[in-house]
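Visitor: Could you walk me through this one? I'm new to reading structures.
Guide: Gladly, let us look at it together.

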Amino acid sequence: AISSAAVRYAARASFQTEKALNLDRGQQHVLRAIAACLSEQGGGQLFALDSDLLADTVVQSLFDLRVIHLVQHQYASAAQRGRPLSLYALDFGATLALGSPDIPGNAAGASGAGPDGRSPGAVPDVSAIISPPDASR
């Protein structure tokens with residue numbers, strides 16, 4: 001049997017030796033800011049972004065490098081009614097390497113929690129990290 005410690009070690013090592021080496025400073029900054037936001041919110045991997053940021057060059061590059069993963073386009077969030085959001089997951093190895101707390105291992109169940117242990121309305125919106133409100137676009 002493969003231990004969870006071995007899986008965590010392999011995921012972290014894969015991120016550090018393969019994915020992190022391909023990140024430029026801007027991508028590193030955004031990825032660390034997302035990981036810090038997730039950590040401040042209690043950990044986990046899931047976060048939301050404005051759906052129109054899917055075409056943003058930084059978001060697209062992190063997606064292409066497989067350090068963020070699109071989980072659901074047009075995610076319906078009770079907390080952010082009226083704003084089209086997309087649901088993303090931070091790469092498991094990145095989550096571990098960037099110091100986010102351990103990820104709960106249970107999938108959605110009777111508690112109504114999502115795959116990272118959060119209730120569906122508790123997914124943090126990190127859109128301001130990519131596109132600050134005062135940014136001119």
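Visitor: What covers the buried residues of α2?
Guide: This is a predicted model, in which local features need pLDDT of at least 70 and side-chain atom pairs count only at pLDDT 80 or more, while totals for chains, interfaces and linings use all residues. Residues are numbered from 1 along each chain as its sequence is written, and side-chain values use heavy atoms, with hydrogens and water left out. The cover includes α1 (4-19), β1 (46-50), α3 (57-64), β2 (68-75), β3 (85-90) and α5 (127-130); helices (H or I, at least four residues) and strands (E, at least two) are DSSP runs, numbered from the N terminus.

Visitor: And which residues of α2 are buried?
Guide: Gln27, Val30, Leu31, Ile34, Ala35, Cys37 and Leu38 are buried, where buried means under 20% relative accessible area, exposed over 50% and partly exposed in between (1.4 Å probe, protein chains only). They cover an arc of only 160 degrees around the axis, so they lie on the same side of α2, the arc being that of the directions from the helix axis to the C-beta atoms.

Visitor: What is exposed on the other side of α2?
Guide: On that other side, Arg25, His29, Arg32 and Glu40 are exposed.

Visitor: New topic: in what order do the strands of the sheet come?
Guide: The open sheet has three strands in the order β1-β3-β2, with antiparallel pairing; two strands pair if DSSP finds at least two bridges between them. The edge strands, β1 and β2, each pair on one side only.

Visitor: How many bridges join β2 to β3?
Guide: Five bridges join these antiparallel strands, and isoleucine 68 has leucine 90 in β3 as its bridge partner.

Note on methods: Contact = heavy atoms within 4.5 Å.
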